[in-house]
Amino acid sequence: MRKVLIANRGEIAVRVVRACRDAGLLSVAVYADQDLDALHVTMADEAYALGGDTAAGSYLDIPRVLAAAARSGADAVHPGYGFLAENADFARAVAGAGLTWIGPPPAAIEALGDKVAARQIARAVGAPLAAGSDGPVSGAGAAAFAAEHGLPIAIKAAFGGGGRGLKVARTMAEIGEQFESATREAVAAFGRGECFVERYLDRPRHVETQCLADGHGAVVVVSTRDCSLQRRHQKLVEEAPAPFLSAAQERLLRESSKAILRAAGYLGAGTCEFLVAQDGTVSFLEVNTRLQVEHPVTEEVSGIDLVREMFRIADGQQLGYGDPELRGHSIEFRINAEDPGRNFLPAPGTISVWRPPSGPGVRLDAGYGAGMTVPQAFDSLIAKLIVTGASREQALQRARRALGEFEIGGMPTVLPFHRAVVSDPAFTSEPFTVHTRWIETEFAGDLAWGGAGSQGAGSQGAGSQGAAWPVTGPEGAARRGDDGEQPAARERITVEVGGKRLEVVLPAGLGTAGPGGPGGPGGPGGPGADGRGWAGGPGRSPAPRSRRGRAASDSGGNAGGDALVSPMQGTIVKIAAANGDQVSAGDTVVVLEAMKMEQPLAAHKDGTVSELAVQVGQTVSAGAVICQLRG
């Protein structure tokens, strides 16, 4: 391999760019319209436009991605995770174009990426399994399964992962609505809506094995991980190795994982996921046929660069080692643009303050920096904070310090949750008592705006009172690799020439026009502010927010009036009520999709629906009035 096209965006694309640089390979980025100035784009050696402002019209468009590979002269493709990473048709198309696919063989993706087929393989090799359907089912089939095997049941996308398209029904009445929601999310995230069902284990831990397999018969478990801290069945905190497992459980996880991957003819990096019930029973969940978001914690405790190992395996080399001896303990905190005080409501926006932590044991894998916008169309993940120590206790001590230092302004983030959880006995005690629904059912930490930590260390910068923060010095310069000083006689702007992204240096003022203002030429982050030609500056930070705990309403309704207001920008994917309908407080009126997650918008009071004029597929802005509730 000589030049690698990265078919992804955000922090994982940045991670692969860095691995390419370490390995002496050239990197090629691709980007949707709103990612013109994204960090992965500016860091790669070359970048090519895909066009489009949605996932379907850009990163999920196979012909466009392959056309960019051909134009760039890339000879290999790394898919990252999400998007096309687990798409066997894409893997075949890459190979058919004469390129090296840095991932598992298409047949293995089909065998394991299809969650039903993966269960069949797991059953054949004797891996532990909870009861599940034999194949994709309809909503009626899901109800029949529940009637036979009992509740609760998990409704899961057959061709996806990462918590997308996963819903839990705890009553028979919920099955129809949850099945529809899972199908919609699966189509939006993976392009396929088939779903299967299985018995849902209440209050389990989520544990997994990070595996590598080469083309010479070697399968290695690099480390175990625990990923039990989740919201909406999507991980927030992960750690390696998985703590508080018995020797028998550890052996079962490792042996089952190796047997499943060998049976599937696996190659590359992959993760076998399991649930551990309260009574200690282990049940196979699924295989993710790709690199995981949480792979850095395994790298930190094993000393193995998993991305570069993927390069080596794709190049036909042998692993040359067995299960490595681990050192210390590592914890990863996903930093998402979400408001934890409002049920982790997605909160896209522009980063006006970016002051990351550092010091012993601290690693940051980020996809954004100061002045960059986290768009509504894509995932809410901004960065991953990875903290490592000689023991779990030391890792937690360092995590409290690093989370207290971390400042992000311009939007809510999950930093207050992380600061609270690293001091919560349920997570810090031995053994911990968290489980996959602990956040929704038991967590009672203080998620007030700004959270814990030192002054100025809140999600928006506690004490900032929503004031605009200028982007100057190292924060504003980090994405360009200079010292933040603006040469007096020139400026740098971004242009596209035939779909290829280029940066051009021009005499000062030639690339800008119009009066200055926040986010525009002459304003904070605009081309006139530092001459870097950013697509959009941070502008003004949000107005001051009231402190709110986790009991605050997430419906977005105006509690003192009749208007039902959208709490975020999103797309209407379902309308559950009509003009003239009588609804009660808490009833769903519409369902929004934002940042790849569905968010029911519930009535904030009893009343009659009127002036409901939105349509399915319509994009609404934060603060938009959805309808009136009269009476």
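The legends below describe close-up views of a predicted model.

Local features require pLDDT of at least 70 and side-chain atom pairs pLDDT 80 or more, while totals for chains, interfaces and linings use all residues. Residues are numbered from 1 along each chain as its sequence is written, and side-chain values use heavy atoms, without hydrogens and water.

View 1. Helix α12 covers residues 392–405; helices are DSSP runs of H or I with at least four residues, strands are E runs of at least two, and both are numbered from the N terminus. Its end C-alpha atoms lie 20 Å apart. Buried residues (under 20% relative accessible area, 1.4 Å probe, protein chains only) of α12 include Arg392, Ala395, Leu396 and Ala399. The buried residues of α12 are packed against strands β11, β14, β19 and β21 and helices α13 and α14, with contact meaning heavy atoms within 4.5 Å.

**View 2. The crossing of α1 and α11.** The axes of α1 (residues 10–23) and α11 (residues 306–314) come within 9 Å and cross at roughly 65 degrees; axes are lines fitted to C-alpha atoms over the stretch in contact, and angles run from 0 to 180 degrees between N-to-C directions. Among the residues making this contact are Val16 and Ala19 of α1, and Val307 and Phe311 of α11.

**View 3. The largest nonpolar core.** A nonpolar core joins buried Ala, Val, Leu, Ile, Met, Phe, Trp, Tyr and Cys residues through side-chain atoms within 4.5 Å. The largest one has 101 residues, and its largest share, 7 residues, comes from α1. Phe333 is one of those with the most contacts inside this core. Leaving aside residues up to four places away in sequence, Phe333 touches residues including Leu236, Ala399 and Leu403.

Methods: Expected span 1.5 Å × (residues − 1). Buried < 20%, exposed > 50% of the residue type's maximum accessible area, 1.4 Å probe, protein only.
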